[in-house]
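Have a go at each one before you read on.

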Amino acid sequence: MLRTVLELPSIREVPLLREQYRSLTGLMPVMYGAILSVVALLVLTFHATTPIWLNTYAPGALAVVVIIRGARWLRARSGVDDATPDAMLRACKTTVVLGTVLSFGFSLIGLFLMQYGEPAQQTLAILLIWVLAIVSGFCLYSVPSAAIGVVVAATLPLSVGFALDDHPIISNLAPVFLLVTILVTYVIREIYSNFASVVRASQVIAANEARSTHLAYHDALTGLPNRLLLAERLERALDCARREGMAFAVHCIDLDQFKEVNDRFGHEAGDDLIRRTSFMLASVCGPFDTLARLGGDEFALVQWGATQESAATLADELIALLRAPIQISAGRVSVGCSVGVSLVEDGKLDGVECLRRSDLALYAAKDKGRGRYVFFNSEMDNASRDRFKIRDELREALERDGVSLVYQPQVDNGVLYGVEALARWKHPELGDISPGVFVSIAEESELILTLGEFVMRRAFEDSRLLHGLTVAVNISAAQIRDDGFLCTLRALMEETAVDPTRIELEITEGLLLSEDPRTLAVLQEARAMGFRIALDDFGTGYSSLSYLQRYPIDKIKIDRSFVATLGLEGGADAIVGAIIRLARALRLDVIAEGVETEAQRVRLAAVGCGHIQGYLFGRPMPLRHFEQLLGESPAQLVAAAASA
Ligand code: C2E
Ligand code: CA
Ligand code: CA
């Protein structure tokens, strides 16, 4: 019975136990300090009027217990992170029992004092002991059983004593004591459930982080390293080439007839073919080579210690290997492959450049009729000038207002409350170019600062026409890292007379990853100016509880990839629920993006996420649509936004 009332922490939840233990060791000195002050006050107040056993010996004995225990806790503080679950559990249990016994002891002293002291002294003593129990209760909130046990153990005997007292005022105090106690225990329980939900949510996120790190570095179908891991390996190879002068080759391999197999036998056969090819390619790799899948039917192989001859031999071998028919579940198929090779001899390049060169060579190999390999040469570079051309054209477009903004509605339980500004560019020859493409081209140079300033200026100006709506603006990491960012922000604020509290700056987790103190300072300053900060694409890779606590963030945007799998087998329901609990505990706003279906909206609402952005409520649209909408009632607004 006592066990269930005290509800001892369960050892199965080690992270929760550790947090409880950590918070106990942190707060214990406060609690012990409070107990010792009460003991001193009791002794001083009563030493002349009451028996010595009551005013000195009994509180003294309790104080000795406190001092011995306190010394132990102080020692334990240094080893909090190394404590075993067993030791933590024992310490928590002792605190539960000891805290309750001490409070009960003090409350008995209070009852005896009621018989001896003057009325004023009695009231003081009892208030002291009662307040002490409440303070101790709050120090113990991380173990709710201890907190509640302490408060109840002190209050119940005192209230009974009061109720039985002849004095009318004192006897009337009994129900007040009980009421306040009920309130305090309720508050402690609330604080605890908040505490526990932060700990649990951070666990779910940590687990997800580990999983996503593996997923982030490996291809799900073949288990081979993916582009990201390949980039890291390439950096290492380049480092080696620089320090030890060792050359290496990068082979880009593309299956020639993959599409035909996929179309003829279906996706499953296609996947099967990719898996088998990956085994075959791996079989010719040396022990230090890296084989990665770049996506689709494209692979890359980093060959260590290569020469022109050995790279050519390996490329030949790869082509011969895949020229032979391959047995897949759907039958025997012939695919063949083309290979582009770049030889890296001095380490002056970077990883992206190595891959780009092999890729250019691969295109040349395909151009020449497939089933062959081609080495990179500098003439192939002309093609890559296209990217520079696009960059120049984007610069021009920005000068003559060729880039525009569209706004996507954000709704709160169906009511429009904000928009996200998204950049659009219609290229004179190529047509609409996705911001995913032109923003990344701009990010390769200072042009991102021009683009970023353009977007901010336009969005700030437009926000004045979007009466009452918040306007979210995407900010690239390069903008925040630029020394002039705060100046630009301040100047734009004055120029456009925008109300900064209605602007949300959307940043991504990647920016926070570098843990640059300047980033923190810039974000703090922007927030001090009144801007709100939102963390975009939350959960896609590095989501960590520590960013949310360390950086001044007002809102998190749950990434589209989570929303897309809601309700599916192995879907993201649990993680989305955890993110929302976490956000609530840290008092952050949450919005889910990419909501396309009513079913997704219902699931999000069920876990408490009413803020939503996505095609279900409206696609990104020009400002004038909103100007028309803003005169209308909220219901019409939503209907109109949804049909836009
Ligand atoms: P983002 O910030 O995550 O923006 C949301 C993207 O999701 C937008 O794509 C939007 O059109 C799309 N989207 C919204 N609702 C749905 C939905 O229900 N389903 C699907 N499938 N997609 C939805 P968009 O406009 O192509 O922008 C792509 C990315 O380009 C943005 O991702 C953002 O990272 C970047 N971007 C766009 N405009 C700017 C800008 O002005 N500055 C910077 N730095 N980046 C920008
Ligand atoms: Ca965004
Ligand atoms: Ca996003």
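**Exercise 1.** How are the donor residues of the calcium ion (ligand 3) spaced in sequence?

*Solution.* A bit of set-up: this is a predicted model, where local features need pLDDT of at least 70, side-chain atom pairs count only at pLDDT 80 or more, and totals for chains, interfaces and linings use all residues. Residues are numbered from 1 along each chain as its sequence is written, chains are lettered from A and ligands numbered from 1 in the order in which they are written, and side-chain values use heavy atoms, with hydrogens and water left out.

Step 1: find the donors, meaning N, O and S atoms within 2.8 Å of the metal (3.2 Å for Na, K and Ca); water is not among the atoms, so sites may look incomplete. For the calcium ion (ligand 3) they are Asp536 (OD), Asp537 (OD), Glu593 (OE) and Glu593 (OE), at 2.1 to 2.8 Å.

Step 2: write the spacing, which is D-D-x55-E. Asp537 sits in strand β13 (residues 532-538) and Glu593 in strand β15 (residues 589-593), so this pair links distant parts of the chain, 56 residues apart. Strands (E, at least two residues) and helices (H or I, at least four) are DSSP runs, numbered from the N terminus.

**Exercise 2.** Which residue bridges the calcium ion (ligand 2) and the calcium ion (ligand 3)?

*Solution.* Step 1: list the protein donors of the calcium ion (ligand 2): Glu420 (OE), Asn474 (OD1), Glu506 (OE) and Asp536 (OD), lying 2.1 to 2.3 Å from it.

Step 1: look for a name that turns up at both ions. That's Asp536, and the two ions lie 3.9 Å apart.

**Exercise 3.** Is Glu506 buried or exposed?

*Solution.* Step 1: get the cut-offs. Buried means under 20% relative accessible area, exposed over 50%, and partly exposed in between (1.4 Å probe, protein chains only).

Step 1: compare. Glu506 has 1%, so it's buried. Asn474, at 29%, counts as partly exposed.

**Exercise 4.** At what angle do helix α5 (residues 119-139) and helix α6 (residues 144-164) cross?

*Solution.* Step 1: take the axes, which are lines fitted to C-alpha atoms, for helices over the stretch in contact (heavy atoms within 4.5 Å). Angles run from 0 to 180 degrees between N-to-C directions.

Step 1: read off the values. The axes of α5 and α6 come within 7 Å and cross at roughly 160 degrees. That makes α5 roughly antiparallel to α6, a label for angles over 145 degrees.

Note on methods. Angles under 35 degrees count as roughly parallel, over 145 as roughly antiparallel, 65 to 115 as roughly perpendicular and the rest as oblique.
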